[in-house]
Amino acid sequence: MKIKRQKHAKKTISFYKYNFSFREPFQIIIDGTFCHAALKNKIQIKEQLPKYLMGEVQLCTTNCALKELETLPKELYGAKLILQRFQIRRCKHTNDPVPASECVLSMLGETNPHHYFIATQDQELTKALKKIPGVPLLYIILNTMVLDKPSERTLKHVEAVQLGEIVNPIVSIRSLKEKEGLGKDGEDKRGKKRKRKSSNPNPLSCLKKKKKPMPPQLKKTDGERKKRIRKKKRRPVGGEKAVASDPDPVNA
């Protein structure tokens, strides 16, 4: 069962990567309902989400989601402690907080330009998110995290882009950059240094080098020239014993 979920998640992630240019680290907005379900089912969000999505993730939330948990009963205090550990993304409701569902929808807009994943157990929010193309949804069911399949609105949007009815802004900008030479190839071209044209050599470099005058050497005196040469006397192979044993041929 776990292998099937991993294959399903891999297929869904590759779909969003190819059609909506999702890249690692994946940004995941989490609300209080998801944290409460994870606490209830003993799921370690920070450890299990990267393994399930097979990549680096950035767990984040909004200030409105934290404010919403403060107004709820004390039973959700544990969910608040979990949510406080994540990064807080700035929203438009700093002074006047709104419900978490409304805040999340405002963060995504109409096209989800920042490529957010949404992790929630809110059914009403899920229905609203499925109307926005290119929004991956995460939820908890039967003590496991599940990445939902692309919504019908997302599939229709991809079909329209492939048929040319809708221009994908990301693809169009990328194509314009390639035409103008500002893409990856253009960056490589800019990074390379221009080759200098071959020109005539510098006339000064062709001049012969002047020989430096040698320092005068001091003449050696006769006393210094004549050195005492010592000759080493060869000793017989047997040493002193051999000399003592050999008889003198004259006396013999």
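A: Leucine 138 touches Ile28, Phe34, Leu49, Tyr52, Leu53, Phe117, Ile118, Ala119, Thr120, Val146 and Leu147, leaving aside residues up to four places away in sequence; contact means heavy atoms within 4.5 Å. The model is predicted, so local features need pLDDT of at least 70 and side-chain atom pairs count only at pLDDT 80 or more, while totals for chains, interfaces and linings use all residues. Residues are numbered from 1 along each chain as its sequence is written, and side-chain values use heavy atoms, without hydrogens and water.

Leu138 belongs to the largest nonpolar core, which has 37 residues; Leu138, Ile28, Ile30, Ile45 and Leu53 touch the most other members. A nonpolar core is a set of buried Ala, Val, Leu, Ile, Met, Phe, Trp, Tyr and Cys residues joined through side-chain atoms within 4.5 Å, and buried means under 20% relative accessible area (1.4 Å probe, protein chains only). Helix α1 (residues 2–20) gives the largest share of this core, five residues. Helices (H or I, at least four residues) and strands (E, at least two) are DSSP runs, numbered from the N terminus. Apart from this core lies another, of 16 residues, among them Cys60, Leu125, Ile132 and Leu137.

Phe117, one of the contacts of Leu138, is buried, with a relative accessible area of 1%. The structure holds six aromatic pairs, where rings of Phe, Tyr and Trp (its six-membered ring) pair if their centres lie within 6.5 Å, and planes under 30 degrees apart count as stacked, over 60 as edge-to-face and the rest as tilted. Phe26 and Phe117 form a tilted pair, 5.3 Å centre to centre with 55 degrees between the planes.

Key
Buried means under 20% relative accessible area, exposed over 50%, partly exposed in between (1.4 Å probe, protein chains only).
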